[in-house]
Structures are given as structure tokens and as C-alpha cells.
Amino acid sequence: MTAFRSGLLRLLDERGYIHQVTDAGALDALAAEGIVPGYIGFDATAPSLHIGSLVQIMLLRRLQQTGHKPIVVMGGGTTRIGDPSGRDESRRMLTDKDIAANIAGILAVFERVLTFGDGPTDAVMVDNDEWLAELGYIELLREVGPHFTINRMLTFDSVRLRLDREQPLTFLEFNYMILQAYDFVELAQRFGCRLQMGGSDQWGNIVNGLELGRRTRGLELFGLTTPLLTTADGAKMGKTAAGAVWLNEAQLPAYDFWQYWRNVDDRDVGRFLRLFTDLPLDEIARLEALQGAEINAAKIALANEVTSLIRGPHAARSAEDTATATFSNAGAGGDLPAYDLPDQGERIGAILTALGFTASNAEAKRKVAEGAVRLDDAVVSDIGAIVELPAGETARLSLGRKKHAVLRGLTGS
């Protein structure tokens, strides 16, 4: 590790956040001498962020924890363009109504993680549509940009040598980097922002902002990126076989969120504790040194800490209690997904698919044949079995060790 003077870079270095810094020495000196306002932008492409954004959210938290000012930039303007970074195809175009609804859904997580206010180190949240819309530029890009691809420009050597993409890149998307660079300069003027942070795929966009600020305003700005975050098996963080791990309750129940962290690979526990929790480093070192079955205690600590931070302490307690009831006491658990059976009952394969445990009846049939399906701990061996329950009674349906649901008999009319 590098010997940094500032608490900010020391903390980021110790916990594994730093991948690249534009001028580490100068940024370290600036952060050691006073308050550094820094920002990260989040486009509103969905009503919730997922855990792929959690490293960036935690970066803003670390910024505030070390006495600096976080600026959360919601991309009300840039969402209308779409960031092509790390993508092989164009994003779906969203309406202004869609974007406003998504921003409203995203706000809650930041209110849990950061302290907002008017103080010198209090976080602020701004929407880049405030200044981008005034340019009269976005309307032109939305109308004309999607009809031009960069592919034809590859015939020109000056462009072909700088562009290495296999899928069409529209002129609309090509302009995203210009707008992000403009954001940085605008934030520097409005808030004295000196630092932009982001994932490693944002390095080029960040450097463009630094250059624009230097050339047009004579500003000394800085950039910092985090490593590409993958799990120990090489999968991209935030994606699972069941889909994205969303931060908001409306998109993913707290129990499922808790279970994601409880079931991480043993090799990821220490790294995730450093990145996603506020536990002291010596406590993290103790937890990640646990061996065998004892590593489960570290995973539970990880699940509780992250769920408490993002969903609230009550959600973490409830999720752990449900897990205990489900796995230790063979109970149903109050936070498990519930499925109401019709009066005449329903076939087991249809129930598994309706719950999302299997993608199709064919997969359900295969899981039953493998002996992976249990009803109240009894193995289900017949794919044609019909599950019936008296009114008001419940049963627990399990697929493997990690997927569980409560089946309920209807109370009747």
C-alpha cells in the first residue's frame, strides 16, 4: 500500500477501492489540506440501483466519513442519451416520465447511506438535467442521433484507430462522453467540485472531463476509479442466475437481499466486508480468517451489516430470524415469499415455475427428478403431484438449499 497523507486516500487504499488516480500525489495533498467536494453520477435507467452500483455509493460514504463533501448527480439529462460504456448494444429510450419515476425510486438508498444538509461536508443531490436541458442540445441528439452509427466512421483511419467496438454505436450514444465531461466542469463551477469517481469503465469519460476543465476554465480536477468488481468465480457483481440484486425493497424483498450476501463465495467474504461495511479492519481480518463451517459467521455478519445499511436494521434482523427459522428450526419464516393455492390444489411443477424457482415446467420436471424439491422436508418425486392444503394451513416448499417459499391454503369465501 502507498503511504498517503490524507485520511481519504488512506481509507480508500486500505479497503481496496483504488484502481486508477489521475494524480495521486496532488489529490492526496489537496485532501490532506481541506475539504474536497467529489461526485459520482448515476443514470436513472431503472426504479432502483442494483449492487453493481454499491461500490460507487460506498465511495461517496467514504468521502463523507473522511471529512469531505459528496455530490450525488442524478442523470436526468444523460439518461436520455444512454452511457455506452461497457455495453454491446443501445439502451432502451426512456420518456421524461419514466426518468422522473426512476429518480424518485433511487433516492431512498442515498438517504440511508449519506447525511444530507447545508453543512460544508453534508451531501447534496443534483440532477444534471438542470443544466443540460438549457443547452438545447439533448432534443437534437434524441431526434437525430439514433439514426447515425459510428460504424461508417470506421472507414476513416483517424476514427478506426480510436474505436474498437463490435456492435453499432449511434451518434446519440457517442455524445454521452461530451455531456459527462460538461457535467464535471459545471459541478466545478457550481460546487467547487474537484474530484470525479467511478468504476474502471468510466476512466475515459472522467479524463475527458479533466481535459475539458483544464482547457476551457484552467481548472485542476482529479479522477479516481475503482477496480472492476467481480465475484471469486469471475461473474460480474450485481448479476445472478435469478437476475439483478436490486437495492430497493420494491424490486427485491429484504430476505432475498440478505440471502445474497449470506451465500457469497468464501473467497469473497473479506473483500466484501472491506468494501461494503463499516466494520473495523481488525474485526474484518478476524472474520475472514475463520475456517470451515465457522466462515458462515462471517457471512452472516456481512449480510447483517449490508442489509442494515441499505434496508435498515429491522430488515436485517427480520431476514436473519427468517433464515434461522427456515434452516435451523424447519419453520416457514415470516419473510419467505408466499404462494396461495387454489381450492382444488395445483401441480408442483406449475408452483415452482410461478414462484420463479424454475424458468419452465421442463426445468421443474428436471429438478423433481434430481430430488431437489421438498415439501415440508419430504422429497417430492412425482412431477404430476398436486399440492392441496386446507383453508388457513401452510407448508414450506424448498428447491435445493437456497430457495424456499410458504404455500398457503385459501381461507375460502
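**Ser-398 and His-404.** I looked up the side chain of Ser-398 and found a polar contact with the side chain of His-404 at 2.7 Å. A polar contact here is a pair of N or O atoms within 3.5 Å; within protein, one must be able to donate a hydrogen and the other to accept it, and residues adjacent in sequence count only if both atoms are side-chain atoms. This is a predicted model, in which local features need pLDDT of at least 70 and side-chain atom pairs count only at pLDDT 80 or more, while totals for chains, interfaces and linings use all residues. Residues are numbered from 1 along each chain as its sequence is written, and side-chain values use heavy atoms, with hydrogens and water left out.

I placed Ser-398 in strand β14, residues 394–399. Helices (H or I, at least four residues) and strands (E, at least two) are DSSP runs, numbered from the N terminus. Ser-398 counts as buried because its relative accessibility is 4%; buried means under 20% relative accessible area, exposed over 50%, partly exposed in between (1.4 Å probe, protein chains only). Apart from neighbours within four places in sequence, I listed Ala-372, Val-373, Arg-374, Lys-403 and His-404 as contacts of Ser-398, a contact being heavy atoms within 4.5 Å.

**Arg-15.** I found Arg-15 in the loop between α1 (7–14) and β1 (20–21). Is Arg-15 buried or exposed? Arg-15 is at 7% relative accessibility and therefore counts as buried. A polar atom of its side chain lies 2.9 Å from the backbone oxygen of Arg-274. I also checked Leu-273, which is 258 residues from Arg-15 in sequence but 8.9 Å away in space, C-alpha to C-alpha. Beyond four places in sequence, the contacts of Arg-15 include Arg-62, Leu-273, Asp-278 and Ile-284.

I noted 17 residues in α14 and a reach of 24 Å from first C-alpha to last, close to the 24 Å expected at 1.5 Å a residue; the expected span is 1.5 Å times one less than the number of residues. Twelve of the 17 residues are buried, so α14 is largely enclosed by the rest of the structure. Among the buried ones are Ile-295, Ala-303, Thr-307 and Arg-311.

Thr-307 lies in this helix, residues 295–311, and counts as buried because its relative accessibility is 0%. I found a polar atom of its side chain 2.7 Å from the backbone oxygen of Ala-303. Not counting residues up to four places away in sequence, Thr-307 touches Phe-257, Trp-258, Gly-312, Ala-315 and Ala-316.

**The six-stranded sheet.** I traced an open sheet in the order β1-β6-β5-β2-β3-β4, with mixed pairing. The edge strands, each pairing on one side only, are β1 and β4 (124–127). Two strands pair if DSSP finds at least two bridges between them. β2 (residues 37–42) and β5 (residues 195–199) pair in the parallel sense over two bridges, and Tyr-39 stands opposite Gln-196 in β5.

I then looked at a helix on this sheet. α3 (residues 54–65) lies across β2, β3 (69–74), β5 and β6 (222–226), at about 165° to β2. Axes are lines fitted to C-alpha atoms, for helices over the stretch in contact, and angles run from 0 to 180 degrees between N-to-C directions.

**Whole chain.** I logged 17 helices and 15 strands. Of the 413 residues, 46% are buried.
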